[in-house]
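The following note sets out points for a colleague to check against the coordinates. They run from the relation between the copies to individual residues.

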2 protein chains.
Amino acid sequence: MKVHDRVSDLINNQDLQSVHQWLLQTAPLDIAEQLSRLETNEKAVVFRLLPKDRALSVFEALEPVHQQELLASLREPNVREIFEAMDPDDRTKLLDEMPAGVAKKLLDGLSPKERRLTSILLGYPKDSVGRIMSPEFVDLRVSYTVAQAIERVRRYGREAETIYALPVTDEQLHLVGIVSLRDLVLANQAAPIGSIMKRELYSVQADEDQEKPARLMREADLIALPVTDREGRLLGVLTFDDAMAVLEAEETEDILRGGGAEPPGRPYLSVSIWRLARTRLTWLFILILAATMTVNVLSYFEETLQAVITLSLFIPLLIDTGGNIGAQSATMVIRAMAVGEVRFNDLSQVVLREIQVGLMLGLMLGVIGFLPVMLFFGKEIALVISISLTFTSTFAALAGSMLPMLASRVGVDPAVVSAPIITTLVDASGLIIYFLTASFVLGL
Amino acid sequence: MKVHDRVSDLINNQDLQSVHQWLLQTAPLDIAEQLSRLETNEKAVVFRLLPKDRALSVFEALEPVHQQELLASLREPNVREIFEAMDPDDRTKLLDEMPAGVAKKLLDGLSPKERRLTSILLGYPKDSVGRIMSPEFVDLRVSYTVAQAIERVRRYGREAETIYALPVTDEQLHLVGIVSLRDLVLANQAAPIGSIMKRELYSVQADEDQEKPARLMREADLIALPVTDREGRLLGVLTFDDAMAVLEAEETEDILRGGGAEPPGRPYLSVSIWRLARTRLTWLFILILAATMTVNVLSYFEETLQAVITLSLFIPLLIDTGGNIGAQSATMVIRAMAVGEVRFNDLSQVVLREIQVGLMLGLMLGVIGFLPVMLFFGKEIALVISISLTFTSTFAALAGSMLPMLASRVGVDPAVVSAPIITTLVDASGLIIYFLTASFVLGL
């Protein structure tokens, strides 16, 4: 039996004692997962049963869309308290989900300090680093000793989202280095910060897009990345958990676009049917428009088809195979670009490799397929199929590798020209190759 | 001009002074990226110019396949020194890339301590947590004071891969809690560890698969996860950077399978053409076998085709659209499962949603397409196309959502039954729907 059914039942049977028991035995993350599956009113009932300190952990583990749903059914003082306790960057994400009126009311209820921190983040554009950085940090000076620095961390660290990476600044708050808490704890107490800090450091500007710094953090294994303004003055710190969330969203986008859909922007089960359809309709429409090319190509060769109706039997197999090889190339190249293994400069090398792979695969399939087709449909048809397979495969690999790279060059997300588009484009060209080959071999 | 061409040229012109200059101005991560693009002998030339402390950072940032290539062209004492300085888990990854003979020789050259640590990891199966955990950690006891704990961290912390999460154990090394370095630094010096540690903690067993704990770390924002044996005795610590690398590899696998290919297991440009083809051939072969169903279906309806040749013109458009909708459903559901938004228990809810979405999309496309098809091909053909589009879309959404979930139920990676397989399966069924509709509407 599903746990959330069980929790649901307990609530409906007024067995709040058992719900309470369950809440005490379950980790906040798992409670959050179950909560997100309950009806709105059930969510509120369960949440109110949580001890205060656990309530916040559970709330923080919820997706913004469920946080909002929950807040709407809680009482004013509870809402205010939770909202005040959130980290500024999580608060900003939640506000993005809310109608302007509600958001304003919540902001007005904040303490002046938290309101100020939140406004800073809200001032940066969506998808910029500034929007998800933590504006509460502990910064050190070059002249501090390690002991003084630890003293400062102990005094101001409680407020900061992370103290594992401590930016070092000059008097004008210009970033000049970074010290990890690890190095600080392991260093000699009397050593000056200037002697243990890393001067050669990564940083990012607050108005930059989130994806690149997030990838950098994963590649360089950084726990936190200092965020500055354009003059290099420290504004905040980007923590690894927020960076990983950015990458997860980017990867979802890449994966869904690779399947011909747009990310709906919230958990699957919370999206309405209508919104789900909308995230897919645009893509489908583009794809069906592209597919009308195949109707045109076939109309053009209608007489050939009429003469040798057997040719029509292989249309799906042929275009499927071409489409699959194109999709493979596109997927491989897009992923290699996403993880930084391949860049636009590698275009000629990549395309050359893919052409070879496509040719090799096409030849193999053509050779393997020749005999069975010959047995059932004769030597000539078998020859047409094998030759078409070879040429179509090669062309598909060429198109599949080149188009995403060209797209990235002109600033379009390569995932936009991924499997579905490539497949459809390759279909039309595959048909042309097929009928030209047939005309030639069969002498039509 | 490409940087690696420039570096290459400098080496060929014997302008090692400029290479040296470039090495001093560039971050280790970027040097590693350029190194991986150079020829084997060039790699060694550049690497030897690096100051010793930077050389190790650069080496650690390289992919195992490039590390191996580099080691093969360095002198014995250098190799030994680098190998000794690596973290045990990175060393294990590198050994996996090497021929057994070379691996043994390298292991024999290690100090007894490092050899022992490496053997521990090598004792766990591939893809298990034990293989990538860090066996060097600092553990605390419940009875320590904070001051004693910090003293212990300062004494033994240098060896550990992370000191940000400090496991607390009893005398038999059973894991009983965890303390973050953050809490340790911020706590009162006299407080006992038992009073500040978290008793409710996540941990993982060394022989478990890597993916689930890695996802847990991302969801719960954990910097490190304690690894135990089956009796709960502490064996090591899994750090977030290794967990993120696991997730990146898993995501690559999902993405490539979604495009009908298998991950080649090393960076794209380092894979041979032959290996690239091999990662795709199996899939293609399965897909082409599945596609022969379409030949059978069409053979069965050959007479209908012969009677109304116009029907053949729409075959690609119809199967493409069905395939696209099936691919969309499959991609959405697979991703939702991967990030934990949907589980097998949600099957009926998910399939019902997708059927509705498929029906809605099919109806829209059918209605939009009716007029243009009628204008060119007459009312009856238009009716056949619109009706087939609606039914095929609904069926595609059903198959696309259900198959991946059923696969996951029987322990098969859902990504295996993703877009390409779904597309091919939907093609055959779409053709059946198409010709049955045509027979009915046209009265054939």
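1. A salt bridge is here a side-chain nitrogen of Lys or Arg within 4 Å of a carboxyl oxygen of Asp or Glu. By that criterion the structure, which is a predicted model, holds 58 salt bridges over all chains. Side chains of opposite charge can pair when their charged atoms come close.

2. A salt bridge between helices of chain B. E251(B) and R335(B) join their side chains in a salt bridge, at 3.2 Å from N to O. Because E251(B) lies in helix α16 (residues 240–258) and R335(B) in helix α20 (residues 315–338) of chain B, the pair ties together parts that are 84 residues apart in sequence. Both E251(B) and R335(B) are buried. Salt bridges that share partners also join E211(A), R215(A), R218(A), E251(A), R335(A) and E248(B) into one network.

3. Two salt bridges within chain A. D139(A) pairs with R141(A), their closest N and O atoms being 3.7 Å apart. D139(A) is buried, with a relative accessible area of 7%, whereas R141(A) is partly exposed at 21%. In the salt bridge of D229(A) with R233(A), the closest N and O atoms are 3.2 Å apart. D229(A) is buried, with a relative accessible area of 18%, and R233(A) is partly exposed, with a value of 32%. The limit that separates these classes is 20%, under which a residue counts as buried.

4. M244(B). Which residues does M244(B) touch, not counting residues up to four places away in sequence? They are R218(A), M244(A), A214(B) and R218(B). M244(B) has its place in helix α16 of chain B and is buried, with a relative accessible area of 1%. Between M244(B) and G259(B), which are 15 residues apart in sequence, the C-alpha to C-alpha distance is 22 Å.

5. R131(B). This residue is placed in helix α11 (residues 129–132) of chain B. R131(B) counts as buried, at 12% relative accessibility. Its side chain reaches the backbone oxygen of L122(B) at 3.4 Å. Leaving aside neighbours within four places in sequence, R131(B) has contacts that include D89(B), D96(B), Y124(B), K126(B) and Q210(B).

6. Residues with positive phi. D127(A) has a phi near 70°, a positive value in a residue other than glycine; D127(A) is found in the loop between α10 (112–122) and α11 (129–132) of chain A. The phi of D221(A), also positive, is near 55°. D221(A) belongs to the loop between α15 (211–219) and β5 (224–228) of chain A, and is partly exposed, with a relative accessible area of 39%.

7. Packing of helix α6 in chain A. In helix α6 (residues 64–72) of chain A, the buried residues are V65(A), H66(A), Q67(A), L70(A) and L71(A). Against which elements do the buried residues of α6(A) pack? Their partners are α4 (40–49), α5 (52–61), α7 (76–85), α8 (88–96) and α9 (100–108) of chain A.

8. A nonpolar surface patch. F285(A), L289(A) and I368(B) form a nonpolar patch on the surface, and together have about 260 Å² of accessible area. I368(B) lies in helix α21 (residues 347–377) of chain B and is partly exposed, with a relative accessible area of 42%.

9. K105(B). Is K105(B) buried or exposed? With a relative accessible area of 58%, K105(B) is exposed. This residue is placed in helix α9 (residues 100–108) of chain B. The C-alpha atoms of K105(B) and R80(B) are separated by 9.9 Å, and the two residues are 25 residues apart along the chain.

Terms used: Residues are numbered from 1 along each chain as its sequence is written. Chains are lettered from A and ligands numbered from 1 in the order in which they are written. This is a predicted model: local features need pLDDT of at least 70, side-chain atom pairs count only at pLDDT 80 or more; totals for chains, interfaces and linings use all residues. Side-chain values use heavy atoms; hydrogens and water are left out. Buried means under 20% relative accessible area, exposed over 50%, partly exposed in between (1.4 Å probe, protein chains only). Helices (H or I, at least four residues) and strands (E, at least two) are DSSP runs, numbered from the N terminus. A polar contact is a pair of N or O atoms within 3.5 Å; within protein, one must be able to donate a hydrogen and the other to accept it, and residues adjacent in sequence count only if both atoms are side-chain atoms. Contact means heavy atoms within 4.5 Å. Patches are made of residues with over 30% relative accessible area and no salt bridge: like charges are joined within 9 Å, nonpolar side chains (Val, Leu, Ile, Met, Phe, Trp, Tyr) within 5 Å. Accessible areas come from the Shrake-Rupley method with a 1.4 Å probe; for residues, only the protein chains shown count as cover.
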